[in-house]
Amino acid sequence: MKAPAVLAPGILVLLFTLVQKSYGECREALVKSEMNVNMKYQLPNFTAETPIQNVVLHKHHIYLGAVNYIYVLNDKDLQKVAEYKTGPVLEHPDCFPCQDCSHKANLSGGVWKDNINMALLIDTYYDDQLISCGSVHRGTCQRHVLPPSNTADILSKVHCMYSPQADEESSHCPDCVVSALGTKVLISEKGRFINFFVGNTINSSYLTDHSLHSISVRRLKETQDGFKFLTDQSYIDVLPEFRDSYPIKYIHAFESNRFIYFLTVQRETLDAQTFHTRIIRFCSVDSGLHSYMEMPLECILTEKRRKRSTREEVFNILQAAYVSKPGAHLAKQIGANLNDDILYGVFAQSKPDSAEPMNRSAVCAFPIKYVNEFFNKIVNKNNVRCLQHFYGPNHEHCFNRTLLRNSSGCEVRSDEYRTEFTTALQRVDLFMGQFNQVLLTSISTFIKGDLTIANLGTSEGRFMQVVVSRSGSSTPHVNFRLDSRPVSSEAIVEHPLNQNGYTLVVTGKKITKIPLNGLGCEHFQSCSQCLSAPPFVQCGWCHDKCVQLEECPSGTWTQEICLPTIYEVFPTSAPLEGGTMLTVCGWDFGFRRNNKFDLKKTRVFLGNESCTLTLSESTTNMLKCTVGPAVNEHFNISIIISNGRGTAQYSTFSYVDPVITSIFPSYGPKTGGTLLTLTGKYLNSGNSRHISIGGKTCTLKSVSDSILECYTPAQTIPTEFPIKLKIDLANREMNSFSYQEDPIVYAIHPTKSFIRHVTIALIQR
């Protein structure tokens, strides 16, 4: 599965803020102990000729909708078993969808266009069939009947889903389904009927062709050659005057119980420059969309500050969403049941007055039952307003209307207007700011035991798996660079009962199959990181590496004990008087099981003497302790770290007696600024050093074992002052430094010269 690790050029920079807060002096130890995010893995994948837009899975075959192609892959190793070419297509104003326009290739007005796959759906009610809708032929669809004996066959029976209307009015085209600007299509079986729920982004380019609608519900005709609207209210359109200034981007669509939901990104109001996320809800049996409602969703990050109000950061634009059930642990944390639908969303902060996302993300979970409760709560408070982008601000529905609606949301009066709520439903970032330096572009989830695991993708082509928990303490147990292209929001999770599942991840033209059980253990470089991996990954520590049980031949595999490791210590020496703050860098100082950091049993010794630990400044990668005094000099003392489970030893520490043997020069002007050199031994021991002359600081320039350099301070009178050196708690005093009157220049001779070099004599007192 995996190839040898390949480090990025230069120093390994840890990704995002997924590591614990650390101090700069132990940065190298932290890098060596944290997860290797540059591992390379050999995973099943397929690369298409063109970018992939949509993916569906049906009976062990994977169907890909790409630009100008539909591909069929087997689900085992992603080998291509069939392909169907959908474009480029010659479009001509005089050609209807389903017509062959090749004979018009030389006529004016004909244009060859790429066919971008806008929707790819599986229908199993009539026949097993693949329905594909593209950006050409006015957004119509075609269906590929899948023979029971060979569901990979998408070539034999292909039917165009378009029936010209009797009046041939372009403004009434139920078969014109998708917009090339963006669309989300949801297929739903109700009774013996197949309904298509469609959300389309439209702008003024569609004004001459009113066949596409912003939101619509249409029924697949029993002849399967097209669709029909059940009423003249089965669709809603953004008014023509707002289509360019008020774009609506449809991000996700899903069905839960009795309702259909769409998730969008749009401006907060018709006049606003700022964007936000909305959830749209209407009843699945409401063919007239009378129960249509919109409400803002917000994913927020809160920071509690002492003696000040809580700071709230809003992640306003949804990037991707996924709906599934929660694991037992998460369900308990968010007040949900195991059978509840949960809407998981990755949100980003947008650039000011823009829908363009920044590299700043958060993850929120919305139980659908709470979404519905919030809808009903707001309805009862009448905290609603007219949907002006659909009706216009002066429409009769926008004045003096009272909303009367029961809690089910499916029984409404035909004269009631569709509504927009002004109050946002908020949820808090589950990862507490962990992804605030990255743009997340994809999310899907699955359950392992009691845990909920999220598959996350980024704009830089990175893939992660992480336990979802409201505590925010989880960090990814899988984190690697999948591709250079962004991870698509289109994701498939296949997780059969009692089997190892997989997820399908799209990056540009490439689709990759990634196991749900993780990608081994080798990327964990420290014991505590290894043992903090989720239980289902089955990682343990064997000698000096993280492996699964069958990869540890010696029988020393453990999932319980981590011994500390010392990487470096500084300073490596201290004065006899002590008081030096010692910094020990390494890993596994405080055992971390399930990401719990505990230093209660950690001790630091210098030989047999204890070094007093400063808990407030210590982490699992860094210990801070204060050394005590010593009577005599000692060299190569062992530093011993004990964590209650084992010890680590590092023999490079020494107690020394700093000595100043000479200074130069011995005098200087009273205005100061003389570069003074102190010569001696062990002058770089300890942490801090301070040189003073006459009670004033001599500013340090350089430090080495045998030499200190500093700039003398100014004094008011010419006299002698002793030189004092303080290293931590050690004090040393040296011969006096003599201050003399400042030199005075009376004359310069000569006062002029040729351009060439000449010696100038200064006549001084």
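Modeller: Helices (H or I, at least four residues) and strands (E, at least two) are DSSP runs, numbered from the N terminus. In this predicted model, the chain has five helices and 58 strands. Residues are numbered from 1 along each chain as its sequence is written. Because the model is predicted, local features need pLDDT of at least 70 and side-chain atom pairs count only at pLDDT 80 or more, while totals for chains, interfaces and linings use all residues, and side-chain values use heavy atoms, with hydrogens and water left out.

Biologist: What percentage of the 765 residues of the chain counts as buried?

Modeller: A residue is called buried under 20% relative accessible area, exposed over 50%, and partly exposed in between (1.4 Å probe, protein chains only). Of the 765 residues here, 53% count as buried.

Biologist: Which residues touch the most other members of the largest nonpolar core?

Modeller: A nonpolar core is a set of buried Ala, Val, Leu, Ile, Met, Phe, Trp, Tyr and Cys residues that are joined through side-chain atoms within 4.5 Å. The largest one has 41 residues, and L440, I443, L456, F524 and C539 touch the most other members. Among the elements that give two or more residues to this core are β28 (440-448), β29 (451-458) and α5 (527-531), and the largest share, four residues, comes from β29.

Biologist: Which residues does C539 touch, not counting residues up to four places away in sequence?

Modeller: Contact means heavy atoms within 4.5 Å, and the residues that C539 touches include C521, F524, C530, C546 and W557. A second, separate core of 32 residues includes L263, L301, I317 and F347.

Biologist: How many aromatic pairs does the structure hold?

Modeller: Rings of Phe, Tyr and Trp (its six-membered ring) pair if their centres lie within 6.5 Å; planes under 30 degrees apart count as stacked, over 60 as edge-to-face and the rest as tilted. The structure holds 23 aromatic pairs. Y125 and Y126 form one that is edge-to-face, with 4.9 Å centre to centre and 85° between the planes; Y125 is partly exposed, with a relative accessible area of 30%, and Y126 is also partly exposed, at 24%.

Biologist: Why is the pair of F721 and Y739 edge-to-face?

Modeller: The ring planes of F721 and Y739 stand at 75°, with the centres 5.8 Å apart, so the pair is edge-to-face. This pair links distant parts of the chain, with F721 in strand β55 and Y739 in strand β56, 18 residues apart, and both F721 and Y739 are buried.
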